[in-house]
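Visitor: I've got the model open. Walk me through it, please.

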Amino acid sequence: MSVDVNMSVTGNAPEALSVQQKLSSALGLAGIFIMTLSAFDVGFQPKTLWLTLSLVLVAAGIIWYTKASYAGLPEGIKNDGVYFKSLTNRGFWAYILGLVLTGFYIVLYFYPSWMGLNSEGDNTGIVALFDPLSKALSGNPASQWFVYGTLYTLAILGFGIKFLWKYRHNSYQRLRTFSVMFFQLGFAFIIPEVMARLNNDDFSLPYYNLVNIWPLNYYNFEQYRVDDFISAGSVGIGLLIFGVLSILVITPILTYKYGKRWYCSWVCGCGGLAETAGDPFRHLSDKSQNAWKLERWLVHSVVVFVVIMTTAVVYSYLNNGGYWLSGGAFLVSVASLLTLVFAWVMIYKREQLQKDAKYAAIGFFVLILALIGLHFTGISGNIFLFEAETLRSTYGFAVGAIFSGVVGVGFYPIFGNRVWCRFGCPMAAILGFQQRLFSKFRITTNGGQCISCGNCSTYCEMGIDVRAYAQKGENIVRSSCVGCGICASVCPRGVLKLENDTPAGRINSKEVLLGNDVDLMDLVNQNQKK
Amino acid sequence: MKQEHIVIIGNGISGVTLARHVRKLSDKRITLISSESEHFFSRTALMYVYMGHMKWNHLKPYEDHFWGKNRLELKQAHVEHIDAEHKQLTLDSGELFSYDKLVIACGSKPNKFGWPGQDAEGVLGLYSKQDLEQLEAWAPNNQVCKRAVIVGGGLIGIELAEMLATRNIPVTFLVREAHFWNNVLPVEEAKLIDRHIREHHIDLRLSTNLDEIITDEIGKVKAVKIQDTGEILDCNLVGLTPGVSPNIEFLKSSTIELNRGVLVNRMLETSASDVYAIGDCAEQREPIGKRPPVEAVWYTGRMMGETLAQTLCGNPMEYKPGHWFNSAKFFDIEYQTYGWVFPQPEEGHSDFYWEHEDGKKCIHIHFESDSRIFKGINTFGIRMRHEVFDHWLTQKATVDEVIRNLKKANFDPEFFERYENEMLEAFNK
C-alpha cells in the first residue's frame, strides 16, 4: 500500500475482481503453469497437444477476462479503480509480477539452458515444448528466442484484443493497435521464421525483422550479418541497403510527416508490447521534472554509446579488408554525417534547443570527433580507446539485455510500460530529436477549454506533464511523445488532438488564454516597451 | 523599496491564476491563504480520485516545489474577518495579517434550501477536498452505503452519480426539472442525457422534489421523503447538488458591500479600496452581456485572474470575457458549448438540431431568424474547435456559413467517423 495521501487506502473500494475475472485469470495462468511444468521435463506427450493447449489456455484466459471486464458496459474510458487495484497501484501483486518477469528475463538472457536449450543435442524443457511449432514454421528446432518470440507475440495479440475492446469507441486507438498486432505477427514473428526456410548451404540470410531498425536493432551491421547479407546475393544486398536506408532516409521522411508515432506506437515491437500488455501500467510513469532530466541524459547517452559501439564494430571488420569500403573511409563518412547533422541543428534550430541540450549536443559531438581524431593521429591503437568487441559485449549486456529486457519489461508494474522507450531506446531518442526539431506532428490544445484535471498527465506513459502545456493553451511538441493518443482519449473536455500540420507556428505559447477578451495586441506592445 | 504585498484569500483557479500572472509581471510579495488544502488542486477533478482514476497528488497542476521557487507564499489559515480600513485580516488562529492589496477569491459553497435534515451526518455536497474525504468515509462501498440519493440535476449531481456508480452503489437521482439540466439544456439534449444516465443504471427521477431528509436516532441519514408522492426511499447517503453560491459568510462582519456575492465593478474592485474579488464569489454590479452576474465556472475564474493581474501590475484592465464557452462530460458523453444556446430559442431566434442515429451524438445551433447570424452551438459526443467558433462569433458568421464549414471546426481524433455531410443534408431539408 502506498504511503502518500490516497483517500482510498481504506481498501474498501471495489478492487476485488468479479467471479468471471477470477476464473478467466485462472484459466490463463493454467496455460502458463503447463509451460512452467514443462521446464521440469514432466514428459508432456505429445508435445504438439500440450503446446497448443497451453497457448490456447493463455489466449482464452485473456479474451474471457476482457469480455468479463468490458462487455455489456457502455463505450467509454475504462479507468475505474486503476489506483485501487494491487496490480496496477504498485501493490503486492505488482511486485510479484515484477519479480516473475525480471526472473524470466534473467533466465532467458543468461541461463537459457534452464529453459532446456541444448545446442549439442535435442532440446528439453520449455524449449522442447515449442519445438513442434518452430519446426512447422522454420523447419528448425526451437531456441529460447523462439519461445520468447512466441510468447511475446501471444501477449501482443491477446492483450491487443483486450485493448481493442477497451477502446472500441476510438478509431485511432483501434487502428494503431491493429497495426502493432500486424507488425508483430507478420514482420517480427512469421516472416523471419519462414525466411529461415529459404536458407541452405549456399544461401543464408540472417534472422531479419525488417521493421527492427538500427539502432534499436543494435547488432544489425555486425560482421556475421553483413557477411550473410553479402553472400546471399542481390536479395541480401537489397536487405542490407534497406537496413541502411531505413535509418538514414525512410524514418526521417516518415517522422517528418507523422511524428515518431508512426514507429513507436504503430510499428515497433517494444512499443507494441508496451501498448498492449503494458497498457494497465501506463499511469505509473514518473511525471516529475527530475525524471524528465534523467530521461534526457540517459537516453542520449545511450545514443552516443550505440553510435560509438557500432562505428567501432563496423570499422574493425572493414579494416581487416575484403570489403569495398575501407575502415578509414567509413570513419570519415560517419564523422561527416555527424558534422552535417550537428551543423544543421546549430545553424537552423539553435533557438529551439534548451541551454543544457545545446551543451550536451556540443559535448557529445566533440567527444565523438575527438575519438575518431585520436585514432587517425595514431595516439590510440583501438578505435574509441576500447576493443570493438569489448564495446559490443558491454552494450549487448547493459543495454540490450538488462535495460531493454530485464528492466524495460520486468519493471512494467513498478515504473510503467515505457521505461525502456523513454530512458533507454536510442531509436526513440533519434526519432524524438527529429520530432522535436523537424516534424509536422504536434498535439494541439483546444483554446481555453482545459480544466487542469490531470487525466492527460496521469495516463501519459512517457511521463510527459501534458497538463502543464494544455492549461497554458500551448501545443505539445516533445521529443519523447510516442503519439499513443491516450491523453486525447482520456481528456474529459475535448482539449487535445494529435495532428500533422505545417511546421510553422507549431509551438504557440500564449500570454492569455482564448476566451478572455483582453486586447492582445495592446498587451504584446506594452510588454515590448517594458 | 519594500515590495507591495498582495494577499489572496483562496487558492483555487482564480487566486492561483492571479498569483502566477502577477509573479510573471512583477516582483511583488504574494501570499495565498487557504484553509482547504496546502497546495492548489483541480477542483473539477475531485471525482477522479474517488473513481480511482487518479490519486490526490495527480490533481495538483504544479509540483510542490513550484510555490517556493516562484516565491508564492502559502498560508494555511481561515480568514475570520477583514478590516478594510486598516488593511488587516484576522485569521482563525487569532493572528493579524496585513496586506497592501487584498484579493478575495474564496469561491463557492454548495446550496442548501432549508430541507429538514440537510445538516445530518451522511448529507454532503461535492465541492471541497473535505467533501471528498467525507464521501470516502460515508460511501466507501455498497456494504456501508446501500443506496445513495442525489438531489439536484446539474453538473455536480451527475458527476456524483457517476462516481457512486463506479463503486456499485445504487443511486437514485432526483431532478426537479422535466429532464436532466433542462434549465440550461434544450429538451432534445436533456433527453439524450436522460437516456445515457439510465443506461448507466441510475434510478433517474424527473420532475421530482425532495421533501425531507429522515435521520435515525443518532442523527444519521436513513431515508429521504419525496414531495408529492410522499414515497420514502431508504438510503445511507444524500448528495445535495442544487448548485453553488458565493462563500461570503466570513465577509459579513466587514464593510465590503455584498449582495449574493462580493459586489465588483468591471475593474473587479469591491466597495473597499484596494480590495478586489474574482472568481465564483464575485458578483458583477452590471451583468456582462447575457452572462449572469455570478458565474461559478472554472474558465471565468481563470479569466478574472488573468485580467486582475494586469491591473495590479500597473496596466489597468477591465474584465471583458469574450464569447461564452463551456464544457462538461456526462458519464461517457462529452459536451462543449460555444456562444449562447438557451433551453428555448430567444425571441426572433431559430434553431437547428441534428442527432446521430446512435442517440449519443448531437449538435444544436441557435441563430437569428432574419439575419441568420449564428448565436451558439451545443455539441455532444463530437469535439469542436474553440478557436474556430470564437472567430465565427466575432465575425458574426451566418448559420449557413457555419454549417457549410463545420469540417474546419471538427476536433475529434484522427480516423474518427465524420458527420458534417449528414448535418449539412439535414440542415438543407
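Visitor: Which residues of helix 11 of chain A are buried?
Guide: They are Gly269(A), Cys270(A), Gly271(A), Gly272(A), Leu273(A), Ala274(A), Glu275(A) and Thr276(A). Buried means that 20 or more other C-beta atoms lie within 10 Å of the residue's own; exposed means 12 or fewer, partly exposed is in between, and C-beta atoms are placed from the backbone. Helices (H or I, at least four residues) and strands (E, at least two) are DSSP runs, numbered from the N terminus.

Visitor: How should I read the model and its labels?
Guide: This is a predicted model: local features need pLDDT of at least 70, side-chain atom pairs count only at pLDDT 80 or more, and totals for chains, interfaces and linings use all residues. Residues are numbered from 1 along each chain as its sequence is written, while chains are lettered from A and ligands numbered from 1 in the order in which they are written.

Visitor: Back to helix 11 of chain A. How many of its residues are buried?
Guide: 8 of the 8, residues 269-276, so helix 11 is largely enclosed by the rest of the structure.

Visitor: What do those buried residues pack against?
Guide: Helices 6 (144-166), 7, 10 (261-264), 15 (388-407) and 17 (419-424) of chain A. Contact here means C-beta atoms, placed from the backbone, within 7 Å.

Visitor: How is chain A divided?
Guide: Into domain 1 (17-73 + 111-195) and domain 2 (199-530). Such bounds come from an automatic or database domain assignment. The centres of the two domains of chain A, taken over C-alpha atoms, are 30 Å apart.

Visitor: How many residues of those domains are in contact?
Guide: 20 residues of domain 1 of chain A are in contact with 20 residues of domain 2 of chain A. On the domain 1 side, helix 6 and helix 7 of chain A each supply at least two residues. Helix 7 gives the most, with 12 residues.

Visitor: What classes of residue are on that domain 1 side?
Guide: 13 nonpolar, 6 polar and 1 charged. Ala, Val, Leu, Ile, Met, Phe, Trp, Tyr, Cys and Pro count as nonpolar, Asp, Glu, Lys and Arg as charged, and the others, Gly among them, as polar.

Visitor: New topic. How many residues of each chain are in the contact between A and B?
Guide: 50 residues from chain A and 53 residues from chain B. On the chain A side, helix 7 (171-198), helix 19 (455-458) and strand 2 (496-500) give two or more residues. Helix 7 of chain A gives the most, with 3 residues. By class, this side of chain A has 18 nonpolar, 25 polar and 7 charged residues.

Visitor: And chain B? How many helices and strands are there?
Guide: Chain B has 11 helices and 25 strands. Its radius of gyration is 23 Å, close to the 22 Å that the globule rule gives for 429 residues, so chain B is as compact as a globular protein of that length. That radius is taken over C-alpha atoms, and the rule is 2.2 Å times the number of residues to the power 0.38. Buried residues make up 48% of the 429 residues in chain B.

Visitor: What domains does chain B have?
Guide: Domain 1 (5-109 + 245-312), domain 2 (123-242) and domain 3 (325-428). The C-alpha centres of domains 1 and 3 of chain B lie 34 Å apart.

Visitor: Which residues touch the most other members of the largest nonpolar core?
Guide: Cys487(A), Ile8(B), Val103(B), Ile104(B), Ala148(B), Val238(B) and Ile278(B), out of 222 residues. Helix 12 (residues 289-319) of chain A gives the largest share, 10 residues. A nonpolar core is a set of buried Ala, Val, Leu, Ile, Met, Phe, Trp, Tyr and Cys residues joined through C-beta atoms within 7 Å. A second, separate core has 13 residues, including Leu51(A) and Phe146(A).

Visitor: Last one. Is Phe342(A) partly exposed or buried?
Guide: Phe342(A) is partly exposed, with 17 other C-beta atoms within 10 Å. Its place is in helix 13 (residues 327-348) of chain A. Leaving aside neighbours within four places in sequence, Phe342(A) is in contact with Ala361(A) and Phe365(A).

Terms used
Two residues are in contact if their C-beta atoms, placed from the backbone, lie within 7 Å.
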